[in-house]
Amino acid sequence: MEKNRFLHIEHEVKSLSPSYESWRDLVQGKEIVLDMGCGHGDFLIEKTEQYPECFFVGIEISRKRTAKTSHRLFKRGRQNYAVIHGDGEWVLKTFFPSKSVSEIHINFPDPWLRKRHWKNRLLRPSFVLQVIRVLKVGGRVFFVSDVEEYARYAVEVFRQFQWLHSVYPQGVVQNLYERFPTLFYQKMSPLRPINYVCFEKREQSPLEKV
Ligand SMILES: C[S@@+](CC[C@H](N)C(=O)[O-])C[C@H]1O[C@@H](n2cnc3c(N)ncnc32)[C@H](O)[C@@H]1O
């Protein structure tokens, strides 16, 4: 991490005063879509091309992967993206105004299988509070994992918050798509079922005043 600290990354957002104005300048009226833990950027490569009307932000704790994602997008001439290097919860808290984001995608987050390591999981109640705050009403959070237990845990955590409603009545849906554009999908889908979770923010919450 230390040796990559000063690595130049195209389209990197390092600081931004958390106001609607600064985001408005950057995204030019487009809907904001986040990819949490974007890895090497495969999801963003596909979606930035498929949805030019949206502005995508890749968020990644590894600086090397942040650089790789950005470089792959830059090489392809994409303009509708930015990357932010840092922990997902910290990034939401620091960079995003309330009600500014349309979709948050969490694709194959590290599962930390042992119960005593669950505290390291990205998906925890304090993270979900930030998700609720930054989402617009009608915005959605998508969670995809090859670990069924983690997907069920995600449903349990999301359901603790009255502002979020599961889009799928059963909570978790398996093998929803025949293909999914991430590296971990390619690695894991031949081995086990893939679990999809999606929650929608249906009403304003008091967190938005924070
Ligand atoms: C299993 S990989 C999945 C990568 C990609 N989303 C995919 O589906 O191929 C998990 C990614 O999340 C990143 N990550 C782990 N903890 C994170 C955190 N707290 N904030 C942001 N990114 C995180 C890791 O560095 C890694 O790139």
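1. Starting at the ligand, an oxygen atom of the ligand lies 3.0 Å from a backbone N or O atom of F184, a polar contact in the sense of a pair of N or O atoms within 3.5 Å, where pairs within protein must also join an atom able to donate a hydrogen to one able to accept it, and residues adjacent in sequence count only if both atoms are side-chain atoms. A backbone N or O atom of L183 is likewise placed 3.3 Å from an oxygen atom of the ligand, while a polar backbone atom of G88 sits 2.9 Å from a nitrogen atom of the ligand. The ligand taken alone exposes 600 Å², of which the protein buries 89%, with accessible areas from the Shrake-Rupley method and a 1.4 Å probe, only the protein chains shown counting as cover for residues.

2. The model is a predicted one, in which local features need pLDDT of at least 70 and side-chain atom pairs count only at pLDDT 80 or more, whereas totals for chains, interfaces and linings use all residues. Residues are numbered from 1 along each chain as its sequence is written, and side-chain values use heavy atoms, with hydrogens and water left out.

3. Around the ligand there are 15 residues, and G37, E60, R65, D87 and T182 come nearest, a residue being counted if one of its heavy atoms lies within 4 Å of the molecule.

4. Eleven aromatic pairs are found, taking rings of Phe, Tyr and Trp (its six-membered ring) with centres within 6.5 Å, and calling planes under 30 degrees apart stacked, over 60 edge-to-face and the rest tilted. F180 and Y185 make a tilted pair, 6.1 Å centre to centre with 50° between the planes, and F180 and Y196 an edge-to-face pair at 5.8 Å and 65°. Because F180 lies in the loop between strand 7 (173-174) and helix 7 (183-188) and Y196 in strand 8 (residues 195-201), the latter pair ties together parts 16 residues apart in sequence; helices (H or I, at least four residues) and strands (E, at least two) are DSSP runs numbered from the N terminus. Ring pairs link F43, Y177, F180, Y185 and Y196 into a cluster.

5. The largest nonpolar core has 44 residues, among which F96, I104, L123 and F158 touch the most other members; such a core is a set of buried Ala, Val, Leu, Ile, Met, Phe, Trp, Tyr and Cys residues joined through side-chain atoms within 4.5 Å, buried meaning under 20% relative accessible area, exposed over 50% and partly exposed in between (1.4 Å probe, protein chains only). Helix 6 (residues 148-159) gives the most to this core, with seven residues. A second, separate core of twelve residues includes F180, M188, I194 and Y196.
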